[in-house]
Amino acid sequence: MALSDLRPAYVAGIGLHRYQFASETTYVELGLTAVRAALQDAGLPWPAVESAYVAKALLPMAPGRPMLRHLGATGIPIVHIEDASASGSAAFRHAVMEIAAGFAEIVLVVGVDKPMPVGRAEGLARIGGLADDAIAPFTHFALLADAYAARTGAAVEDIALVAVKNHRNGAANPFAQHQKERTLDEILNGNRVSGVFTSLQCTPVGEGAAAVIVASEEGLKRHGLGLDRAARVVASAGRSQRVYEDSTRYDAVLTEETASGAFREAGLDPADIDIVELHDAFTVEEVEYLEAMGFAPEGQAVPLLKEGAFDIGGRCAVSPSGGLIAMGHPIGPTGVGQIAEITRQLRGEAGTRQHVGARTGLAHMVGVGAVCYVHILAKAS
Amino acid sequence: MTAADSSLLKPALYREAGTEAAPDRPALLGAACACGYVFFPLQTYGCERCGSRDIQPRALSGSGRLLASARVHRHAGKTRQAPFTVVAVALDDGPIVRTLAVEDEAALAVGQRMRSLLAPVVDPDGAPCFDLRFAREA
């Protein structure tokens, strides 16, 4: 079964609360800001929404209805979805399925989170490693960066150029946590975290919210709306990690498998994609995943990056929002925020960070466990 | 004090004795499934490759090649003081393991041979013991 076998699902509205450092703002305020913005953007009233998906990874149990009831409690089904970093992407996927399969005409996806302590359940399995407590995410990716550099000959300074680009993009994004251009020097001379990473090469910890309205053409028509600002979801792929032939490359293989599935479903190739929003929590991930997905040949992402191929205005704009590095990664919202950015770009409404002529976009996220989601959107009209 | 006199920090994961192939390096306590998949550490929930519970313990040689290393400058946990170096080693017997490397002046190079050894540490109660770490092959 592919999305093309079912009726089309469209992203018809987008809204965000800026991603920011932890504050006194309640999750309810964060979430409602994004949802109201998305409804207004779509031109739809709240009672039109028939089902809601709430993506969150850090907030405790059941934040959804206590938040959404303030729009007027309409009795719709509300489900929470968690897939670690990929929570928002997973929620989006299931909203798309609900629309495509005809169970609803208008569905809300909202991602919301605030920083708070949370552990991974995996630790409870009591299959301890030699030094699990010594390997935080930034060290996991620092190891990846070391292997990447050895394999490709890329230098520390080269990989850090991802952060230069993404901070530049973030500076043009009013919803980004970091809105300041940074020079390569500033990035390389920042606080050392782990391996080659300095703090500006790593995603910040923060809070925020992002919402999208997913709808059928029929659902929009009933409200007197057309598809002129809609983005059609042409692929949705989800995979989880398995035992690979080459166990040293499990990060890349999971992404490669998922992206291949998405391209196959959409009938597209990487060369057809104008916008990419991917899981760049650490600079090396951008180059690693671009290669894994086929946007650059093996070992060639850095030379292409240096040429400006991945800049806004280049061959394919990668992380035009600023990515996880500059826009941020509040977790629940992140995958949803990627869909919002791609939709904004496809509409030609991205202002100073517009990638001119954008017609297709790809969103990629991974979550610990590990899982991976890839979505492809195309201009509807 | 030798390892024979003192305890191991994680005796479920490694032992002082080596394997036939590498007798002078502490072995890692892994497992092998009937399907051929070799993994670390030993667990009996089921094989990740095939789901079978026909799993046997297997001692893995403390020899392998360095896949990556990272110098950690920031660590939140109370159990360790940064800086320290983490290494990912592909054991000759198959599994990839990640743990600390012994402190070493020389830089580690991806691809180089690594060996296991027991390093003196203290356990959570402050008692001296030994933990398996990796070092460059001399």
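**View 1. The loop that holds B:Ala109 in a predicted model.** B:Ala109 lies in the loop between β6 (96-100) and β7 (113-122) of chain B, where strands (E, at least two residues) are DSSP runs numbered from the N terminus, as are helices (H or I, at least four residues). Because its relative accessibility is 41%, B:Ala109 counts as partly exposed, a class that sits between buried (under 20% relative accessible area) and exposed (over 50%), with a 1.4 Å probe and protein chains only. B:Ala109 and B:Arg136 are 27 residues apart along the chain, and their C-alpha atoms are separated by 9.3 Å. The model is predicted, so local features need pLDDT of at least 70 and side-chain atom pairs count only at pLDDT 80 or more, while totals for chains, interfaces and linings use all residues. Residues are numbered from 1 along each chain as its sequence is written, chains are lettered from A and ligands numbered from 1 in the order in which they are written, and side-chain values use heavy atoms, with hydrogens and water left out.

**View 2. The open sheet of three strands in chain B.** This sheet has the order β2-β1-β3 with antiparallel pairing, two strands being paired if DSSP finds at least two bridges between them. Its edge strands, each of which pairs on one side only, are β2 (38-39) and β3 (55-60) of chain B. Strand β1 (residues 28-33) of chain B is joined to β3(B) by six bridges in the antiparallel sense, and B:Ala31 has B:Pro57 in β3(B) as its bridge partner.

**View 3. The open sheet of 10 strands in chain A.** In this sheet the pairing is mixed, and the strands follow the order β3-β2-β4-β7-β1-β8-β12-β11-β9-β10. The edge strands of chain A are β3 (78-81) and β10 (317-318), each pairing on one side only. Strand β2 (residues 51-55) of chain A runs parallel to β3(A), and four bridges join them; A:Ala52 stands opposite A:Ile78 in β3(A).

View 4. Chain B contains eight strands and zero helices, and its C-alpha trace spans about 40 × 35 × 30 Å along its principal axes. Of its 138 residues, 48% are buried. Among contacts (heavy atoms within 4.5 Å) in chain B between residues at least 6 apart in sequence, 46% join residues at least 24 apart.
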